[in-house]
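Dear colleague,

Please find the structure below, handed over for your own work.

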Amino acid sequence: MSRPSKNETRTPRRQFLGEIAVGAAALAAAACAPAATATTAASQAPTPVTPPAGAPPTPPPMSDEPTKWDASWMDRITARHKAVFDSPEIEEGTALYHAMSYLGSVKDVFGTGDSDASVVVVLRHRAVPLLFNDAMWAKYNIGAETSTTDEKTKKPVMRNV
């Protein structure tokens with residue numbers, strides 16, 4: 001089978017890898033959610049006390065207990081080739097394209113199969129809307145809120161990029 005030229009549209013294999021990258025991003029977000037939202041009474045900040053006028057603010061007391069992080073999700077990444085892509089901004093989904101490119105490059109360079117490479121895409125801060133479906137983008141006008149515009153129309157997008 002011949003390789004597609006650079007001018008041809010995406011192949012079903014590349015499209016599949018892209019869908020895998022998006023799925024991995026959603027899986028990573030779901031796997032990290034319990035660890036990120038878990039709190040205990042000891043880890044919550046106390047109610048602030050108003051200091052006397054002119055006095056410097058007093059920092060809250062520090063806990064002697066070490067912070068316990070749930071890193072069990074890392075044990076589920078068992079592929080030989082691994083990479084983490086961090087995305088604090090939407091940037092037209094650049095982190096997802098980088099993840100897809102990495103997966104394709106590992107296969108091309110090392111001649112490996114689909115299960116030999118894994119990616120984790122961290123979508124944080126302003127990139128979180130990449131996890132929302134098209135209905136959410138349309139309903140809440142996320143394109144306008146995040147200044148994400150369609151290249152052709154120059155108007156805010158109404159779907160997930």
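**Overall arrangement**

From the N terminus on, the protein chain runs α-β-α-β-α-α, with 4 helices and 2 strands in total. Helices (H or I, at least four residues) and strands (E, at least two) are DSSP runs, numbered from the N terminus. This is a predicted model, in which local features need pLDDT of at least 70 and side-chain atom pairs count only at pLDDT 80 or more, while totals for chains, interfaces and linings use all residues. Residues are numbered from 1 along each chain as its sequence is written, and side-chain values use heavy atoms, with hydrogens and water left out.

Of the 161 residues in the protein chain, 24% are buried (buried means under 20% relative accessible area, exposed over 50%, partly exposed in between, with a 1.4 Å probe and protein chains only). The chain exposes about 12100 Å², of which carbon and sulfur atoms supply 58%; accessible areas come from the Shrake-Rupley method with a 1.4 Å probe, and for residues only the protein chains shown count as cover. Among contacts (heavy atoms within 4.5 Å) with a separation of 6 or more, 62% are between residues 24 or more positions apart.

**The β-α-β unit**

Strands β1 and β2 run parallel and are joined by 7 bridges; two strands pair if DSSP finds at least two bridges between them. V84 has V120 in β2 as its bridge partner. The chain crosses from β1 through α2 to β2, and this β-α-β crossover is right-handed, which means that, with the strands pointing away from the viewer, the path from the first strand over the helix to the second runs clockwise.

Helix α2 covers residues 94–110 and spans 24 Å from its first C-alpha to its last, close to the 24 Å expected at 1.5 Å a residue (the expected span is 1.5 Å times one less than the number of residues). Its buried residues are A95, L96, A99, M100, L103, G104, V106 and K107. After α2 comes G111, with a positive phi near 65°.

**The nonpolar core**

The largest nonpolar core has 17 residues, and those touching the most other members are F85, A99, V119, V121, L123, L130 and W137. Such a core is a set of buried Ala, Val, Leu, Ile, Met, Phe, Trp, Tyr and Cys residues joined through side-chain atoms within 4.5 Å. The elements that give it two or more residues are β1, α2 and β2, and the largest share, 5 residues, comes from α2.

**A117 and its surroundings**

A117 lies in strand β2 and counts as buried because its relative accessibility is 10%. Leaving aside neighbours within four places in sequence, A117 is in contact with A79, H81, Y102, L103 and V106. The C-alpha atoms of A117 and Y102, which stand 15 residues apart along the chain, are separated by 8.6 Å.

**Backbone points to inspect**

Most residues other than glycine have a negative phi. E91, although not a glycine, has a positive phi of about 45°. E91 is in the loop between β1 and α2 and is partly exposed, with a relative accessible area of 47%. K154 also has a positive phi, near 65°. K154 lies in the segment after α4 and is exposed, at 61% relative accessible area.

With kind regards
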